[in-house]
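Look at the fold of one chain first, and then at the place where two chains meet. The paragraphs below follow that order.

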Amino acid sequence: MRPLLDTRGKPALVWLGVAIVALALLALPFALATAGTTWVRVANYAILYVLLALGLNIVVGFAGLLDLGYIAFYAVGAYVYALLASPHFGLHLPFWVILPIGAAVAGFFGVLLGAPTLKLRGDYLAIVTLGFGEIVRIFLNNLSRPVNITNGPQGVAQIDPIRIGPLDLSRSDTWLGLTFSGPLKYYYLLLAFVLVIIVINIRLQNSRIGRAWEAVREDEIAARAMGIDTTRIKLLAFAMGATFGGVAGGMFAAIQSFISPESFVLVESIMVVAMVVLGGMGNIWGVILGALLLSFVPEILRWTVEPMQHAMFGEQLVAPEVIRMLIFGLALVLVMRFRPAGLLPSAVRQRELAERSG
Amino acid sequence: MDIFLQQVINGLTLGSVYAVVALGYTMVYGIIQLINFAHGEVVMIGAMVAFSVITTLAAAGLPPLALVLLGVACAMVVCMLVGYGVERLAYRPLRGAPRLAPLITAIGVSIILQHVAMLVWTRNVIAFPQIIKIELYTFGGATITNVQLAIVVLCVVIMAGLAGLVYRTRLGAAMRATAQNSKVAGLMGIDVNRVIAATFVIGAALGAVAGVMVGTYYGIAQYTMGSILGLKAFAAAVLGGIGNIPGAMVGGVLLGVVEALGAGYIGDLTDLCRYGWLASLLDERCAQGGHFILFGSNYQDVFAFVVLILVLVFRPSGLLGERVGDRA
């Protein structure tokens with residue numbers, strides 16, 4: 001973590017590196033667009049997953065609380081946006097108004113879930129959060145009667161795109177001879193968001209709160225003995241993770257322009273957990289790597305596995321989605337088996353695991 | 001009254017299934033404090049294997065009972081192999097790792113099992129063949145089918161058999177010793193690894209039986225059926241006190257009855273038109289015997305989770321469980 005931000009010594013080199021990365025990120029969507037707008041969309045969803053994974057990383061990675069119902073907060077954020085900016089209720093509030101509302105509502109749900117359950121042990125907590133995720137989904141599915149709130153399994157359609165002033169992010173524009181398609185503009189917005197959230201995460205991790213989370217994760221009793229209000233600090237982790245999830249959900253609803261409970265099933269929660277675990281719990285860069293890997297690999301599989309099967313067997317034997325899920329499952333097992341701290345482990349986790357096994 | 005009785009009977013049947021699945025969770029948890037997340041998938045695989053065996057052999061003209069027994073036997077063998085394999089490959093290497101590690105591998109294993117099952121048995125809902133002729137027995141205004149009766153009786157037999165195994169045999173004594181303190185049990189000459197593997201295998205065999213029960217009761221099976229069933233059974237195990245074998249029975253039956261009664265009555269209870277002062281607020285909806293039902297029976301699946309959360313919050317050790325330390 002630290003060397004990446006340590007500008008002492010060779011500041012020029014560091015800034016050069018930052019500039020190269022920044023340029024690459026800015027140019028990336030144009031490169032992707034030459035292969036088809038689909039790939040820009042794929043990149044957008046990958047960034048959404050990065051947002052989600054970073055949010056969950058606060059709960060799982062920093063505070064060590066396994067949350068298997070995280071997608072519920074994503075759902076809450078998405079539904080708040082969808083209901084406040086669609087013809088469903090005839091409301092069309094601007095994005096900047098809904099964003100804080102969605103974040104607050106999701107955060108409230110985080111507290112709602114966290115308050116009664118946080119004294120539970122790790123694995124019990126995992127099950128309860130899982131149950132909570134399912135409860136939220138069941139409610140979204142059924143809250144169309146007697147008063148139609150969520151429109152049930154049909155979902156909410158025609159959700160407003162994000163507008164910044166006169167700029168409609170879903171439309172194509174041409175500036176300076178370059179065509180900026182809808183997904184391309186969303187890419188830049190998402191990139192900006194992700195940067196802000198990365199900075200918040202880094203600052204959080206090195207803050208008093210971040211250290212308190214780490215202490216709770218390592219040894220709750222010792223942390224309490226050191227004067228940390230463990231319940232409050234865990235609740236804070238839950239609320240903060242939920243808030244990020246809510247923000248990501250709002251963006252998802254706007255980009256997608258249609259949402260239904262189908263998008264918020266248990267598998268999605270597990271996928272985000274897989275990203276965090278695979279990348280390296282507690283390490284921001286590891287989590288980003290995990291999220292990018294698990295969102296791009298399936299797409300790449302889609303483009304390679306299918307033609308390969310056709311070439312080899314003359315027909316598609318195994319659908320790419322199934323292969324994707326099998327890879328998820330295998331990755332979870334193998335990573336825990338051989339690299340329990342993830343691909344890019346956080347220094348603390350690594351130390352901790354080495355101590356336990358020794 | 002007869003609706004009440006009917007719901008209790010349905011709840012008992014469902015609860016018996018939960019109880020048998022819950023045994024698998026509770027035995028494993030009792031011994032190594034691991035939530036075997038993949039247990040629900042083992043149940044699903046049991047149902048699927050039995051389905052395949054029964055449909056392929058149905059043409060041979062065997063008597064129905066022999067068919068079912070063969071199906072159950074094959075399902076048990078396959079599930080025992082799966083249970084052993086899972087323990088060996090995914091859990092044993094992680095013994096002594098931080099608590100969350102085996103939980104995450106368990107999730108991985110259940111994803112793998114689910115999708116392998118999907119490849120083998122397709123993603124469609126498959127109809128269980130109706131080989132047993134359904135007979136209805138009526139008493140007190142409620143009916144019970146022979147399948148329901150068989151499930152409840154089988155559940156009681158399984159419980160008795162398991163209690164005998166745990167409290168009367170050498171293996172059972174070894175299991176209890178390992179559960180109390182695996183290190184000391186090892187020093188006393190117990191092969192702890194074998195005992196743990198045996199626990200997984202027994203749990204998986206019970207899961208197979210439960211899978212066949214669900215399949216014949218509902219008449220359908222699908223590759224996703226394991227996860228929700230597993231969750232509910234886990235809730236049942238927690239309700240009874242996880243790690244406690246009679247607790248799994250009590251918890252399962254109780255959860256089944258709560259769920260059935262809840263689904264049966266929640267619609268009436270949350271019909272706002274029944275409540276005078278609220279009905280006057282909802283004039284047009286309630287006029288001419290209209291209803292304003294807040295929560296219908298489609299919320300059935302919520303009960304298990306609500307029960308789970310309430311138990312964990314107010315009595316984490318469950319109804320019959322001993323106090324457990326809260327140290328992760």
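Among contacts in chain A between residues at least 6 apart in sequence, those that join residues at least 24 apart make up 74%. Two residues are in contact if their C-beta atoms, placed from the backbone, lie within 7 Å. This is a predicted model: local features need pLDDT of at least 70, side-chain atom pairs count only at pLDDT 80 or more, and totals for chains, interfaces and linings use all residues. Residues are numbered from 1 along each chain as its sequence is written, while chains are lettered from A and ligands numbered from 1 in the order in which they are written.

Chain A has 14 helices and six strands; these are DSSP runs numbered from the N terminus, helices being H or I with at least four residues and strands E with at least two. Of the 358 residues in chain A, 47% are buried, meaning that 20 or more other C-beta atoms lie within 10 Å of the residue's own. The C-alpha atoms of chain A fill a box of roughly 60 × 55 × 50 Å along the principal axes.

Where do the two chains meet? The contact takes 37 residues from chain A and 39 residues from chain B. On the side of chain A that touches chain B, the elements giving two or more residues include helix H5 (95–117) and helix H6 (122–142). H6(A) gives the most, with twelve residues.

Finally, A:Met275 touches residues including A:Tyr49, A:Ala53 and A:Leu294, not counting residues up to four places away in sequence.

Notes: Buried ≥ 20, exposed ≤ 12 C-beta atoms within 10 Å, placed from the backbone.
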